[in-house]
Amino acid sequence: MAADRMITRRHLLKTTMLAGAGAALAGVAPLRSAAAATLSIGFIYVGPRDDFGYNQAHAVGAAAVKKMADVKVLEEENVPETIAVQKTMESMIQLDGASLLFPTSFGYYSPQVLKLAAQFPKVRFEHCGGLWSEKDPKNAASYFGYIDECCHLSGIVAGYATKSGKLGFVAAKPIPQVLRNINTFALGARLANPKATVQVIFTGDWSLPTKEAEATNSLVDQGIDVVTCHVDSPKVVIETAERRGAMVCGYHANQAPLAPKGFLTGAEWNWEELYPGFVRTVMAGGTIPNLVRGGLKEKIVKPSAYSSLVSAEARKHADDAKAKLTAGDYVIFKGPILDNKGNTVIGAGTSRGQTDIALEEMNYLVEGVIGATS
Amino acid sequence: MTDVALGWWGVPLALLGGAIRASTPFLFVSLGECLTEKSGRINLGLEGILVMGAMSGYAISYLTGSPWLGVLVAGGVGALLGVLHAVICGLKRVNDIAVGIALMLFGIGLAFFLGKSFIQPAAPMLPSLDLGWWSGIAQVHAALQVNVLFIVGLLLAPAIAWGLRNTRWGLVLRMVGDSADAALAAGYSVNLVRLAATAAGGFLSGIGGSFLSLYYPGSWNERLSSGQGITAVALVIFARWQPMYCVYAALLFGAAGAIGPALQSVGVTSGYYLFNAAPYLLTLLIMAVTCSPKRALVGAPSELTISK
């Protein structure tokens with residue numbers, strides 16, 4: 001009896017749902033075709049989009065897209081790397097008709113983007129972080145810039161600027177991209193000053209202002225005189241270092257205004273070049289490659305302008321490296337390279353160019369870096 | 001002044017510096033919540049008030065050029081939100097915990113909304129007192145940069161403790177918190193006393209928030225608090241509703257937050273997630289050691305219940 005009733009109710013529900021879906025489709029269809037002329041594009045940020053950092057760089061890219069004709073740009077900020085981002089993406093697709101999404105945070109990819117990409121095969125997911133592999137859905141894609149090229153230049157400049165030979169790096173989490181920035185920074189610094197060390201402090205998360213300030217203070221207490229960082233919003237690190245009288249190299253965006261006394265140079269994204277290009281490709285009916293990579297050469301990253309603290313010698317060395325990186329004939333990860341435990345990680349005679357996928361699985365810190373990956 | 005590498009001495013110094021720098025928001029919020037809870041009501045909305053205080057203090061400091069005015073306005077905004085909580089809770093059959101959670105979300109949302117345009121500009125900061133003048137070591141010097149608000153908080157705690165114990169107001173507040181019936185019988189308006197206590201708690205929390213944005217870490221952004229207001233509410237229970245214990249708890253949490261970075265800076269690089277969790281492990285440990293099934297929490301106002 002009870003089972004009977006349940007089946008009936010389920011049946012009833014099913015029928016109503018089908019009817020409802022049918023009605024909804026009939027209602028939505030004309031709207032869809034009307035909206036087809038403009039492309040709806042969703043940008044999702046993990047933090048505030050005016051944070052002097054990672055999110056601001058993406059928002060500047062989104063603003064460049066906004067200026068194009070026939071596009072509608074949707075933005076949502078402060079979306080956590082949890083199921084919350086699935087809900088955001090789903091509502092952008094279902095309610096706003098977005099067909100191109102930019103979930104811009106590293107942690108959005110797995111499983112969030114992968115799950116929705118399978119669910120909505122007609123929507124294009126452009127994830128920032130470079131995680132796409134052959135087994136992933138074809139409508140998901142990942143792009144990333146070799147900002148480590150700019151970190152390398154910062155490292156060279158910092159290596160000349162330091163008096164104590166001790167550099168500091170405030171980092172969020174030991175993931176490959178962060179480690180790569182730390183390593184290229186250290187390799188650059190040691191080109192300028194072979195005895196230089198880079199002390200790393202991992203705070204544990206992308207945005208922990210109080211802990212970032214503590215980390216910067218601890219570094220300066222240890223006699224470190226040049227500080228840089230890889231956190232979502234470098235503002236706190238840069239300002240704290242400036243107050244303590246240390247020199248700084250910026251990251252993500254231009255932080256020169258935050259540190260008028262101690263700013264040297266910095267590594268910046270150049271998304272305002274890349275995003276409009278992607279959108280043009282999609283509007284022209286083309287396909288963006290599933291894995292897009294680029295550095296100085298492709299204009300995906302750029303260094304901040306040198307401050308007056310940067311010596312002529314440092315400028316010359318860094319400019320030289322920049323020219324070679326832009327031309328594509330400079331290898332940062334050129335063996336032999338040891339990690340900071342003494343193991344050879346890149347053998348003599350092996351050159352790992354920027355596009356080498358092995359570099360994206362980096363799980364070590366090079367010689368000269370004080371710190372551990374776990 | 002000399003620049004010396006401190007090595008391992010950097011760790012205790014960082015703990016001292018961390019205790020001085022990072023404890024003030026905990027101190028103000030927990031003292032404020034201590035007052036509110038002594039009146040028999042919990043205000044869980046202090047996280048929202050803290051964030052609102054941080055935003056409004058920064059905004060006023062930026063707009064007027066006076067950080068102290070910012071502190072005052074932050075306190076005022078906090079007090080207003082406290083009044084809001086108290087007025088709603090004064091209605092019949094309203095649960096203070098639910099209102100607190102709503103107020104927390106409201107405060108955070110409002111601060112994000114109003115604070116959007118203040119993320120980028122740099123506001124004037126609160127000055128600090130240089131208590132490290134006697135030392136020739138730059139790091140000691142830096143660790144002993146003490147903000148006036150920290151000292152105010154340190155003085156406020158014994159003042160509140162004394163006031164609760166020795167003044168008529170303190171007696172009334174405790175009476176309302178321990179037995180609303182007794183307070184009614186004595187001719188006091190329970191709601192009015194609670195309103196005053198919640199407003200005072202909000203005022204202190206707002207000031208705690210302004211410390212975050214106007215001194216340390218010293219900028220306004222949406223991740224500024226990262227849960228410090230909620231932690232401070234828990235600290236009150238941890239401190240057994242005693243203002244002086246609130247001071248110790250706040251110092252402990254400030255110092256514990258510095259452990260992770262300080263140890264990494266001297267080369268203890270493994271297990272930093274564990275060190276970063278130190279404050280919470282410590283809380284659990286102290287709670288476990290000091291709790292007893294044989295007695296109720298000493299000092300807990302008996303009107304504090306979740307079933308109201």
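In which helix do Asp320 and Lys324 of chain A both lie, and how many residues apart are they? I will start there. This is a predicted model. Both A:Asp320 and A:Lys324 belong to helix α10 of chain A, residues 312-327. They are 4 residues apart, which is about one turn of the helix. The two form a salt bridge, with the closest N and O atoms 3.6 Å apart. A:Asp320 is partly exposed, at 39% relative accessible area, and A:Lys324 is partly exposed too, at 35%.

Now a second salt bridge. The side chains of A:Arg180 and A:Asp148 meet at 2.9 Å, N to O. A:Arg180 sits in helix α6 (residues 176-192) and A:Asp148 in helix α5 (residues 148-161), so this pair ties together parts of chain A that are 32 residues apart in sequence. Are these two residues buried or exposed? Buried means under 20% relative accessible area. A:Arg180 has 5%, so it counts as buried. A:Asp148 has 2%, so it counts as buried as well.

A:Arg352 forms one with A:Asp356, the closest N and O atoms being 3.0 Å apart. There is also a network that links A:Asp50, A:Glu77, B:Lys116 and B:Glu222. Over all chains, the count comes to 16 salt bridges.

Next, the domains of chain A. The assignment gives domain 1 as 37-145, and domain 2 as 148-268 plus 297-329. Their C-alpha centres lie 28 Å apart. Where they meet, 13 residues of domain 1 are in contact with 14 residues of domain 2. The two domains bury about 1,100 Å² between them, 63% of it on carbon and sulfur atoms.

Last, strand β9 of chain A, residues 247-252. All of it is buried, 6 of 6 residues, so the strand is largely enclosed by the rest of the structure. On one side, β9(A) pairs with β8(A), residues 226-230, in the parallel sense over 2 bridges. A:Met247 is the bridge partner of A:Val226 there. β9(A) also pairs with β10(A), residues 263-269, again parallel, over 4 bridges. In that pairing A:His252 stands opposite A:Glu268. Finally, β8(A), helix α8 (residues 235-243) and β9(A) make a right-handed β-α-β unit.

Key
Residues numbered from 1 in each chain as written. Chains lettered and ligands numbered in written order. Predicted model: local features only at pLDDT ≥ 70, side-chain atom pairs only at ≥ 80, totals over all residues. Heavy atoms only, no water. Buried < 20%, exposed > 50% of the residue type's maximum accessible area, 1.4 Å probe, protein only. Pairing = 2+ DSSP bridges. Right-handed = clockwise from strand over helix to strand, strands pointing away. Domains from an automatic or database assignment. Contact = heavy atoms within 4.5 Å. Buried area = accessible area lost by both parts, 1.4 Å probe. Salt bridge = Lys/Arg side-chain N within 4 Å of Asp/Glu carboxyl O.
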